[in-house]
Amino acid sequence: MTNVTIARSTRTSATYAVALLVAATAALTGCGSSDDDSGKSDPLKGDTAKGGTVVVGSNNFPESILLADIYGEALKSKGIKVSYKLNIGSRETTYGLIKNGTITVLPEYNGALLAYLDAKAAPKTVEETSSAITAKLDPKLSLLTPSKAEDKDAIAVNEATAKKYSLTDKSTISDLADVAKDLVIGGSPEFQTRQQGLKGLKSVYGLEFKNFKALDAGGPLTVAALKGNNIQAADIFSTDPGISKNKFVVLQDPKSLFGFENVTPLTYKKGLPAAGVSVLNDVSAKLDTETLVSLNGQVQNESKDPLDVAKAWLSSAGLS
């Protein structure tokens with residue numbers, strides 16, 4: 001049974017949530033994958049890669065899967081054997097898996113990773129962010145060169161809420177201080193307990209919302225709930241093409257709660273050859289925010305397979 005292929009081909013359709021359930025069930029029942037050089041069927045199985053295979057993993061949201069395909073296919077094009085463990089879960093799960101060698105490469109976001117490793121860190125530059133991560137990182141791991149592509153967590157409100165409270169793209173998160181008590185905010189379950197989440201919104205901006213609704217990590221459930229006004233505010237990724245499509249208003253973050261969020265490969269040192277490090281850094285050097293927004297749009301708005309999108313961009317960028 002081709003659980004990874006099914007997940008890829010339906011992940012961008014209206015049946016996204018159902019597809020994830022099917023894929024998760026398939027993984028738990030031990031179905032294999034027919035992907036070329038694909039990995040084990042169970043992404044949570046704690047076995048290290050064998051036979052020199054580089055295992056590329058992803059968190060459980062569309063952009064992470066797309067980035068995993070980009071980095072993985074770049075490695076493949078240089079003759080490195082690659083398998084995939086996609087759509088695993090949140091950082092709380094994937095960090096443990098890369099630390100024990102189950103995953104070799106994971107597309108990360110430097111600021112969010114640092115917040116996970118050290119909630120009190122407050123770097124002022126990308127370089128300080130990388131240095132702070134390295135100081136806290138497990139010694140078996142290595143953070144590679146960050147790309148220019150940045151995708152931050154962002155607080156967005158829907159069109160109706162923006163009109164009701166006269167909020168524009170010049171407004172800040174602080175402008176919710178007096179009205180948050182009347183709003184329901186949505187996001188991933190982890191958003192409720194993270195500093196770069198409800199904890200930080202309260203401690204940094206003084207916001208206490210009426211309620212929190214656990215949905216997905218900036219994915220279709222969150223977008224649909226915000227669009228349908230089941231929630232009035234949400235944690236949305238700043239590169240999400242649904243922001244403009246649905247006329248959501250993203251609020252400015254002047255106190256830098258969400259910090260720097262450059263796409264950066266995190267690697268398990270022993271599992272990645274030096275040639276692989278060079279390949280990943282070459283990809284990051286050509287990846288910028290404008291490109292990432294465009295690629296996300298192809299996947300999420302045009303329902304293209306992220307693997308096909310990844311391969312086409314790598315070819316156009318001279319990376320395959």
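**Exercise 1: Thr-264**

Solution. Strands (E, at least two residues) and helices (H or I, at least four) are DSSP runs, numbered from the N terminus. A quick word on ground rules: this is a predicted model, where local features need pLDDT of at least 70, side-chain atom pairs count only at pLDDT 80 or more, and totals for chains, interfaces and linings use all residues. Residues are numbered from 1 along each chain as its sequence is written, and side-chain values use heavy atoms, with hydrogens and water left out.

Then the neighbours. The Thr-264 side chain reaches the backbone oxygen of Asn-262 at 3.0 Å.

**Exercise 2: two helices**

Task: work out how H4 and H5 are oriented to each other.

Solution. Helix H4 (residues 91-99) and helix H5 (residues 110-117) pack at about 85 degrees, their axes 12 Å apart. Axes are lines fitted to C-alpha atoms, for helices over the stretch in contact, and angles run from 0 to 180 degrees between N-to-C directions. Angles under 35 degrees count as roughly parallel, over 145 as roughly antiparallel, 65 to 115 as roughly perpendicular and the rest as oblique. H4 and H5 are therefore roughly perpendicular. H4 brings Arg-91, Glu-92 and Tyr-95 to the contact, and H5 brings Ala-112, Leu-113, Tyr-116 and Leu-117.

**Exercise 3: the core**

Task: describe the largest nonpolar core and say which element gives the largest share.

Solution. The largest nonpolar core has 37 residues, and Val-56, Ile-70, Leu-75, Val-263, Val-283 and Trp-313 have the most contacts inside it. Such a core is a set of buried Ala, Val, Leu, Ile, Met, Phe, Trp, Tyr and Cys residues joined through side-chain atoms within 4.5 Å. H3 gives the largest share, eight residues. Zoom in on Ile-70: beyond four places in sequence, Ile-70 touches Val-283, Leu-295, Ala-310, Trp-313 and Leu-314.

Note on methods:
Contact means heavy atoms within 4.5 Å. A polar contact is a pair of N or O atoms within 3.5 Å; within protein, one must be able to donate a hydrogen and the other to accept it, and residues adjacent in sequence count only if both atoms are side-chain atoms. Buried means under 20% relative accessible area, exposed over 50%, partly exposed in between (1.4 Å probe, protein chains only).
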